[in-house]
Amino acid sequence: MNKFTSKILSSTLALSLAGGGIALACENGQKSYIEAGESTFGGIPKVEGSKNFEHLKEVAAVPLKDIKGKPATTADVYAYKGYAYLGTHRGQMTNEGVRIFDMKDPANPKEVAVLANDIPGTWQEKVIVQSVSTPSFKGDLAAVSVQRVDKERYGYEGETSENGGVVLYDVTNPKEPKKLGFWKTPSNLPTGTHEHWLTEQNNKVLLLATNYQAHRYKDKGVDVHDFSIVDVTDPSKPKELSNWDPTEVGDDFNGDYQYEDQTGAQRTAFLHSVITDETGKYAYLSYWDLGTIILNIEDPANPKFVGRTKFERDVQGAAHSAALAHGGNILIETREVFNPDPHDPGFERGWGYVRVYDIKDKSNPVLLSTFRTLNSMVQIKAGERKPGTYTVHDPKVRGNTLYLSHYSDGIRMVDLTNPSNPVEVGSYVSDKANVWGVFVDRNYILASDMGQGLKVLQKKADQNVSKLNLQSDLFN
């Protein structure tokens with residue numbers, strides 16, 4: 001750890017003591033909650049960093065407009081062609097949809113449209129946007145996850161959707177989104193699609209969907225697994241190509257939601273999220289305690305297991321999300337751990353952190369390093385926990401820089417030039433930070449704060465920074 005990194009971590013510890021409420025991203029039995037609108041704007045957001053981040057400032061903080069009379073809780077954020085797409089969480093169970101912002105002036109984002117808020121009893125955490133060109137559709141395609149509100153689980157008494165899944169929109173004109181189609185999960189699955197991905201392969205557009213904890217409900221008649229590949233070349237007529245069985249990983253895994261691994265640790269297996277490499281040849285499935293599973297999907301109707309990451313006996317698992325770096329040879333795995341003082345005495349104490357793997361041989365991922373913020377490492381006494389949530393959440397990579405959404409630890413920027421020695425080079429922590437998602441676009445960084453809405457960070461020019469360098473040197 002160099003002197004600069006040590007300074008950042010020390011400063012962050014002090015800043016984060018005022019962290020906001022606990023966030024709930026993944027519902028696997030770890031009980032953590034936040035109320036929409038709970039956080040308040042106050043204090044001065046703190047940004048620290050090296051030469052590429054020292055002039056970075058928070059230039060906008062935009063709370064979501066109430067659509068149905070109650071505050072909305074933000075979820076993931078995505079950006080495409082000068083527009084930001086902000087998902088919403090279960091929050092007040094009011095189906096707040098995905099908000100679209102015009103980012104022409106990053107310091108003054110304008111909410112111009114909302115989509116997928118017409119499916120009662122659901123919420124929309126994740127959105128992916130890509131330009132596609134097929135005989136059936138040419139334009140910008142948005143895929144939005146639809147997860148059902150489980151009446152029994154949440155005591156919800158309102159109207160609910162019969163299906164979850166992924167709804168597809170034409171956002172060629174983001175101000176006037178048009179619904180194209182809806183790929184639906186089974187009606188007896190009480191969840192739906194949590195996260196998903198879009199990729200193109202052999203003139204086909206593929207949707208990779210996580211049927212959230214589907215196999216957990218097999219005793220209730222749900223006969224699908226957690227991962228589906230869907231052909232959305234014609235977005236108005238989605239067609240499922242395959243539904244993958246995770247027992248192919250072997251290692252005596254029997255497919256159960258809860259199982260005992262080969263070290264004797266009690267584990268939980270469900271698919272949380274998925275990405276692909278740039279070629280669309282390989283899919284990376286964040287499969288909680290099963291690690292990151294790598295599939296060859298060259299034949300999308302017949303995915304083939306290639307390899308997976310594994311956890312040592314003292315590591316809680318919880319593979320939440322993934323990103324790729326160094327031309328796809330480096331895998332970043334984030335572990336979302338909400339219980340830093342675990343019940344299993346064999347597990348290490350502390351919040352979730354990042355693991356970095358060499359995957360040049362995809363059948364045998366090799367752990368190179370880990371990255372932890374000081375707050376995520378802090379050792380706590382049983383029953384004593386300071387306010388805030390300090391687990392890592394989602395990763396994004398731009399060049400050799402890793403951007404992490406880190407709840408009460410805000411956004412962390414990490415240099416991955418040497419994957420065996422990741423070094424924090426910047427941080428952003430606002431008052432009562434509760435950062436769910438991060439996305440890097442053009443010359444700004446977007447953050448979705450669960451209580452505070454859309455945040456925009458941008459490099460501000462002064463006598464030491466030329467305006468001509470705003471786009472070229474921010475994300476080197």
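The model is predicted: local features need pLDDT of at least 70, side-chain atom pairs count only at pLDDT 80 or more, and totals for chains, interfaces and linings use all residues. Residues are numbered from 1 along each chain as its sequence is written, and side-chain values use heavy atoms, with hydrogens and water left out. The protein has three helices and 32 strands. Helices (H or I, at least four residues) and strands (E, at least two) are DSSP runs, numbered from the N terminus.

**Overall make-up**

- Of the 476 residues in the protein, 61% are buried. Buried means under 20% relative accessible area, exposed over 50%, and partly exposed in between (1.4 Å probe, protein chains only).
- Take the contacts between residues at least 6 apart in sequence: 58% of them join residues at least 24 apart. A contact means heavy atoms within 4.5 Å.

**Sheet β2-β32-β31-β30**

- This open sheet has four strands in the order β2-β32-β31-β30, with antiparallel pairing. Two strands pair if DSSP finds at least two bridges between them.
- β2 (56-62) and β30 each have a single partner strand, so one side of each is left without a neighbour in the sheet.
- The twist averages 20° from one strand to the next. Axes are lines fitted to C-alpha atoms, for helices over the stretch in contact, and angles run from 0 to 180 degrees between N-to-C directions.
- β2 pairs with β32 (residues 453-459) in the antiparallel sense over six bridges. Ala61 stands opposite Lys455 in β32.
- Six bridges also join β30 to β31 (residues 444-449), again antiparallel. Val438 stands opposite Ala447 in β31.
- β30 and β31 form a hairpin with two residues between them. Arg442, in the turn, has a positive phi of about 50°.
- Seven of the seven residues of β30 are buried.

**Sheet β3-β4-β5-β6**

- A four-strand open sheet runs in the order β3-β4-β5-β6, with antiparallel pairing.
- Its edge strands are β3 (74-80) and β6 (110-115), and each pairs on one side only.
- The twist averages 25° from one strand to the next.
- β5 (residues 98-102) is joined to β6 by five bridges. Phe101 has Glu111 in β6 as its bridge partner.

**Around β19**

- Five of the five residues of β19 (residues 282-286) are buried.
- In a regular strand the side chains alternate between the two faces of the sheet.
- Tyr282, Tyr284 and Ser286 point one way from β19, while Ala283 and Leu285 point the other way.
- β18 and β19 pair in the antiparallel sense over four bridges. Ser273 stands opposite Ser286 in β19.
- β18 and β19 form a hairpin with five residues between them, and Gly280 in the turn has a positive phi of about 75°.
- β19 is joined to β20 (residues 292-296) by five bridges, and the two run antiparallel. The bridge partner of Ala283 in β20 is Leu295.
- β19 and β20 form a hairpin with five residues between them; Trp288 in that turn has a positive phi of about 55°.

**Nonpolar cores**

- A nonpolar core is a set of buried Ala, Val, Leu, Ile, Met, Phe, Trp, Tyr and Cys residues joined through side-chain atoms within 4.5 Å.
- The largest core has 47 residues, and those with the most contacts inside it are Tyr85, Leu446 and Leu454.
- β9 (residues 138-148) gives the most to this core, with five residues.
- Apart from it lies another core, of 18 residues, among them Ile229, Tyr259, Ala283 and Ile297.
- Leaving aside neighbours within four places in sequence, the contacts of Leu446 include Val77, Ala79, Met103, Val438 and Leu454.

**Pocket and cavities**

- On a 1 Å grid over the protein atoms alone, a cavity is a set of points where a 1.4 Å probe fits but cannot get out. A pocket is an open set with protein on both sides within 12 Å along at least five of seven lines, and lining residues have an atom within 4 Å of a point.
- Grid points are joined across faces, edges and corners, and a volume is the space filled by probe spheres set on the points.
- The largest pocket holds about 1,000 Å³ of space.
- It is lined by 38 residues, and the closest to its centre are Trp197, Thr276, Glu278, Leu324 and Val397.
- β12 gives the most to this lining, with six residues.
- The whole structure has four cavities of 30 Å³ or more. About 60 Å³ of space lies in the largest cavity.
- Residues lining the largest cavity include His215, Arg216, Asp226, Phe253 and Tyr287.
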